[in-house]
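Trainee: Could you walk me through this model and show me how its features get their names?
Mentor: Gladly, let us look together.

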Amino acid sequence: MKVFCGRANPTTGSVEWLEEDEHYDYHQEIARSSYADMLHDKDRNIKYYQGIRAAVSRVKDRGEKALVLDIGTGTGLLSMMAVTAGADFCYAIEVFKPMADAAVKIVEKNGFSDKIKVINKHSTEVTVGPDGDMPCRANILVTELFDTELIGEGALPSYEHAHRYLVQENCEAVPHRATVYAQLVESRRMWSWNKLFPVHVQTSLGEQVIVPPSELERCPGAPSVYDIQLNQVSPSDFTVLSPVLPMFSVDFSKQVSSSAACHSKQFEPLASGRAQVVLSWWDIEMDPEGKIKCTMAPFWAQSDPEGLQWRDHWMQCVYFLPQEEPVVQGAALCLVAHHDDYCVWYSLQRTSPEENGKVHQMRPVCDCQAHLLWNRPRFGEINDQDRTDQYAQALRTVLTPDSICLCVSDGSLLSMLAHHLGAEQVFTIESSAASHKLMKRIFKTNHLEDKISIIEKRPELLTSSDLEGKKVSLLLGEPFFTTSLLPWHNLYFWYVRTAVDQHLEPDAVVMPQAASLYAMIVEFKDLWRIRSPCGDCEGFDVHIMDDMIKRALDFRESKEAEPHPLWEYPCRSLSVPERILTFNFQQPVPQQSVRAEGCLELRKPGKSHGAVLWMEYHLTPDSTVSTGLLEPVEDKGDCCWNPHCKQAVYFLSTTLDPRVPLDGPQTVSYAVEFHPHTGDVTMEFRLTHTLV
């Protein structure tokens, strides 16, 4: 059966209706899931297996049957571990139907159908009793309900319900305990992901400074955690202000509460500075004694940094304090961790909440609009003074005193640069109410509300009266649009340029003048694991899961490149960067497709995990801004990626095991096509290889 799905096209800006398989959403969920990453997480798997064996042994030593409740079973891996460890029976709960169906097949394939019952329900819907899903309560609770924040996937409510209705009192639990850790730091780089800094512009009249509105200064910021691969942040990018503090623990073997709570830790700052950011992670202990531990700690907080396990399904957390606060070395403070049933946030107080009677339980909420419009990388991009200087320098070469400028990018400061650099009149299009409100506030703070005209409408609806009857001599864009996920989605600027063509002077300048799509073949240090078949996991056959992911990846959107912030995922180049397609913004979008075919020669030995693609915008003939590589690739192939942008990764066929090296000179053939009517960029990369 087919269904029609509405999809907003980020490149053309239009809404399209597409005919999709009825299980379309399921395929997307599976294709972009972390199941493969979890199965490749050997440290996690081994520690769970050790903890399960120990829990089953403790129950057996008491002369009891070992009855296991496995919530969020996924592939059924932990249930199969339990049965292998001697459990008498397992009830494996999985709410996602395609995954539950796969678990049934995996359990059967491994010969455990007589001892594992897969229940396709949410755990809160599971019943206990003679006619229920489980005849009696379990005495071992096994779960993997955690995300990077620990509780963001609803672990607390699920545990709370399980203890009340599904497991025996004082049951064994694997994991037994979790502890959340925090460390207070000062970091201009990370703080730039949360606040708008003053922007400096050199003009003929001297330096002009674009300052943020007071509302942005006071705003506590976005309420959600920023989860990143903290090991890729250089220690030189932050100053440690506190020791690593154990903030709170959850004992999963006892009744768990999902009620809001706060936990404070007093500490003496290790250095004076400005408290801005809290770095946080957690560990889980699989046994009551804490001998079997799995930790998410970054390398500087590890006892054995060399043995660090890479994983992408669990990373580390960056939290921003509501306001930066000065701290003095040795002067005692309290760091407070607040949480509700799904979220954690932090505050810094001079005394503990118990002493001052203040417990701030409300989650911070953005009230300035900026955190709703700009995500964390976008804040960093706007705060990048070098990037601003490059745009300003390009503008100086195209601006004239009589320039009529039209700026088209979401929540961009380009219009302010154009004004300060001498444009006669500046218009900016802000098609959303949120961006209109934010930019109006920024203009007012900088006394530009009468200098720059904001047009709140979609570009294709622009009229001559919106431009006060004037023709545009300079069309500007970064380009940046909040709906863009992949690098070429910002080609929406080209469609806007086409839509406003009638409002442009015959000799109007468009900046950027053009864009190029680049590609390069890389070997990832670790990211390949998220798309690599697992086959066997701790002695259990999970080929069925591999096949399920492969089928999901065969669907149209799933076969496309994926966005990844590659500054977090080290890789080395195996080929030189190659320009694949060029888009001329001086002309409207063409009617015919633009296609390129060719080969990328692999000049270094290695494992060809995928092609990385990015856009470069040619502001002027002498100035180019890259959303991908920022520096020429080093001899060893190490890459320096733009930290403000996500690059696109096209993983090469999963029929090639990424763990097998290549022998001899190799090439990757490609066919890439831009479809102007849909705005899609379709591609195929094929590796010619010889296995050792």
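Trainee: Which residues form one aromatic cluster?

Mentor: Phe146, Tyr159, Phe252, Trp282 and Trp314 do. Before we go on, keep in mind that this is a predicted model, where local features need pLDDT of at least 70, side-chain atom pairs count only at pLDDT 80 or more, and totals for chains, interfaces and linings use all residues. Residues are numbered from 1 along each chain as its sequence is written, and side-chain values use heavy atoms, with hydrogens and water left out.

Trainee: What makes Trp282 and Trp314 an edge-to-face aromatic pair?

Mentor: Rings of Phe, Tyr and Trp (its six-membered ring) pair if their centres lie within 6.5 Å; planes under 30 degrees apart are stacked, over 60 edge-to-face and the rest tilted. Trp282 and Trp314 have 5.0 Å centre to centre and 70° between the planes, and the pair is edge-to-face. This pair links distant parts of the chain, 32 residues apart: Trp282 is in strand S15 (residues 273–285), and Trp314 is in the loop between strand S16 (293–295) and strand S17 (316–327). Strands (E, at least two residues) and helices (H or I, at least four) are DSSP runs, numbered from the N terminus.

Trainee: Does Trp282 count as buried or exposed, and how do you know?

Mentor: Buried means under 20% relative accessible area, exposed over 50%, and partly exposed in between (1.4 Å probe, protein chains only). Trp282 has 1% relative accessibility, so Trp282 counts as buried. Trp314, at 1% relative accessibility, counts as buried too.

Trainee: Why is the pair of Trp494 and Phe585 called tilted?

Mentor: Their ring centres are 5.8 Å apart and their planes stand at 55°, so the pair is tilted. Trp494 lies in helix H15 (residues 492–499) and Phe585 in the loop between strand S30 (578–584) and strand S31 (594–602), so the pair ties together parts 91 residues apart in sequence. Trp494 is buried, with a relative accessible area of 3%, and Phe585 counts as buried at 0%.

Trainee: How do you know that the charged end of Arg53 sits over the ring of Tyr49?

Mentor: The rule asks for NZ of Lys or CZ of Arg within 6 Å of the ring centre and within 35 degrees of the ring normal. The charged end of Arg53 is 3.8 Å from the centre of the Tyr49 ring. Arg189 lies over the face of Trp567, at 4.6 Å from the ring centre.

Trainee: What makes a set of residues a nonpolar core?

Mentor: Such a core is a set of buried Ala, Val, Leu, Ile, Met, Phe, Trp, Tyr and Cys residues joined through side-chain atoms within 4.5 Å. The largest one here has 112 residues, of which Leu69, Phe146 and Tyr346 touch the most other members. S15 gives the most to this core, with seven residues. Apart from it lies another core of 52 residues, among them Val472, Tyr495, Val510 and Leu517.

Trainee: How many cavities of 30 Å³ or more does the structure hold?

Mentor: Three. On a 1 Å grid over the protein atoms alone, a cavity is a set of points where a 1.4 Å probe fits but cannot get out, and lining residues have an atom within 4 Å of a point. Grid points are joined across faces, edges and corners, and a volume is the space filled by probe spheres set on the points. About 120 Å³ lies in the largest cavity, and its lining includes Arg378, Tyr391 and Glu478.

Technical notes:
1 Å grid on protein atoms, 1.4 Å probe; cavity = no way out; pocket = protein on both sides within 12 Å on 5 of 7 lines; lining within 4 Å.
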